[in-house]
Structures are given as structure tokens and as C-alpha cells.
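Biologist: I'm new to this one and would like a close look at a single part. Could you put it up on the screen first?

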Amino acid sequence: EASYGELMLKALATTVAMQITMTTVCSLINQVKLGVGGNRLEWWVHQFLCLTHHAVVGVWALYALIYDPVCWEVVQGVCNKTAEGAHRLNYETSRYYMAILLPLTIGYMLFDMVQLYRMKELNTLITVHHVVSIILWPLLVHFDIGHMWILYFLSTELTGPFNVIRKMLSEANYKESKLYVVNGLIFTILFVLWRIIPIPTLVSVGWLANPFYSSTVPTSFTPNTVILVKVAHIFSYLPLAFNMYWGFLVVSGAFKALLCPKKIKIKSS
């Protein structure tokens, strides 16, 4: 089993590495005097680091779900809504990918929260999302619970790069460009396909192996581990709720753009 302490140490190392990278890049840019400095320079470097994390973790997690034979069997079981698939969704392990991807993500979340707080952009939703993940996910991985749930949630980071690009284009005054529109369409489609459409299946399959029914919990689990399983079951629906809320904002924004095209002036990128 993965050590909780080892996971958190790797996460803190990732946070420190990202902070050092930000400081170094900002210092180098200031030296060459590109005309960008202060909080805006930190904002840009922060966005590039976010984009890098989303791309690396999202692609790697999706690769694991598709090309790892064990993970793919779980995916097929979930899609077919079988009792075995539901059970394995909760209890199948993926220690190799968790040992790599989880510290990268926890470290990123710590770094992200610090930067957003410093720039006065940290809101309640992001705080709850990050704090719950930072506290709960390493515990679950340590006790071999919910690896497949976490791997799926990490794979949804695939939508992240397009959201970051949207912010960058807006900051660079390219909000009315063709590139902004194309990026927005890709972001919306990918968000719906990978974050919204799977929700009904995940909810129904999750209840097939509901840990509040003792028959679905492995008999080898201690009473404390069973409590953790139940807590994890409740909180597994939190990211899905976040995705539904964010999905509403994303889709409603896309509809507004499609229904009111005359209000959007498109300029060549």
C-alpha cells in the first residue's frame, strides 16, 4: 500500500518545485525586460504551470484508464453497469499511477491555492474542491479505496488546458478572435463528453456498491476503514456536483454565444 506520509512529502516537493519554477521564470523575464511584471507576470506564469499540470495529469490518467488492462476492465464494467464493475470502481487498486499522479495533483492544488490567495482570486468553490481532495484522496489511496474514482477525476483534467487558454486569450484581448471561439467550442464539447455525460452512469453504478449496505464492503476492512469508505462514498459525488454546476455555466455561456452571434465581433487571430 502507498504510504500517506510518502504521498504528502512528494506533494509538498511538487509544490516547492512549482514555486521555485515560478520565481525563477519571473526573475528571468524581469531581467530581459519584456514589459510584463508584478502580479500580471505571476498570473501568466501561474496559468502556464496550471496548463502544464492539466495536460500532463489529464492525458496520463486517460492513458491509464484506456491502456492499463485492469483499469480498462473496470471501465467496461462501469459502462455495462454490472455489480462487479461497481465493486471494482470502489475497491480496485492502481498503485503505480496513484503514486505518480496523486502527488503531482495534490502538490499542484497546494500551489494553486497559495497563488490564488495571493492574487485575491481564491473563491469558496475552489477552496472546498481543493481542500477536500488534499485531505481525502491521500487517505483513500493509503487504504486502497477509490483508486478508480480518483483516476477518473484526474482524467477530467483534460478539459483544463482549454479553460486556461480561454483565460489567456481573454487576458491578451483576444476574446473576440476566431481562436477564442474555436477553443471555447472544444472546451464545451470536451467538458460535456467527459465530465457531464458520465454522471448518470457513475451515480447509478456507485449506488450498486453502496457501502452503507454492509454486504458490499470487503470483510477484511476494519471498522475505521469502513467509516472511511462511507465518507468517501458521500464525497465521491461532490466533484460530480461541481461538474454539474460548472457544466451549467459552460453550456449556458455557449448557448448565449450561439444565440446572440451578432453581439460577438469576430476578428482574425
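Biologist: Which residues does T159 touch, not counting residues up to four places away in sequence?

Modeller: Before that, a word on the model: it is predicted, so local features need pLDDT of at least 70 and side-chain atom pairs count only at pLDDT 80 or more, while totals for chains, interfaces and linings use all residues. Residues are numbered from 1 along each chain as its sequence is written, and side-chain values use heavy atoms, with hydrogens and water left out.

Now, your residue. T159 sits in the loop between α7 (147–155) and α8 (160–171); helices here are DSSP runs of H or I, at least four residues, numbered from the N terminus. Leaving out residues up to four places away in sequence, T159 touches F187, L190, F191 and R195, where contact means heavy atoms within 4.5 Å. T159 is also buried, at a relative accessible area of 2%. Buried means under 20% relative accessible area, exposed over 50%, and partly exposed in between, using a 1.4 Å probe and protein chains only.

For a contrast, take L185, which is in helix α9 (residues 178–196). L185 counts as partly exposed, at 43% relative accessibility.

Searching the whole structure turns up zero disulfides, a disulfide being a pair of cysteine sulfur atoms within 2.5 Å. For C26, the nearest cysteine sulfur belongs to C50, 13 Å away. C26 is buried, with a relative accessible area of 8%.

Note on methods
Helix = DSSP H or I, 4+ residues; strand = E, 2+ residues; numbered from the N terminus.
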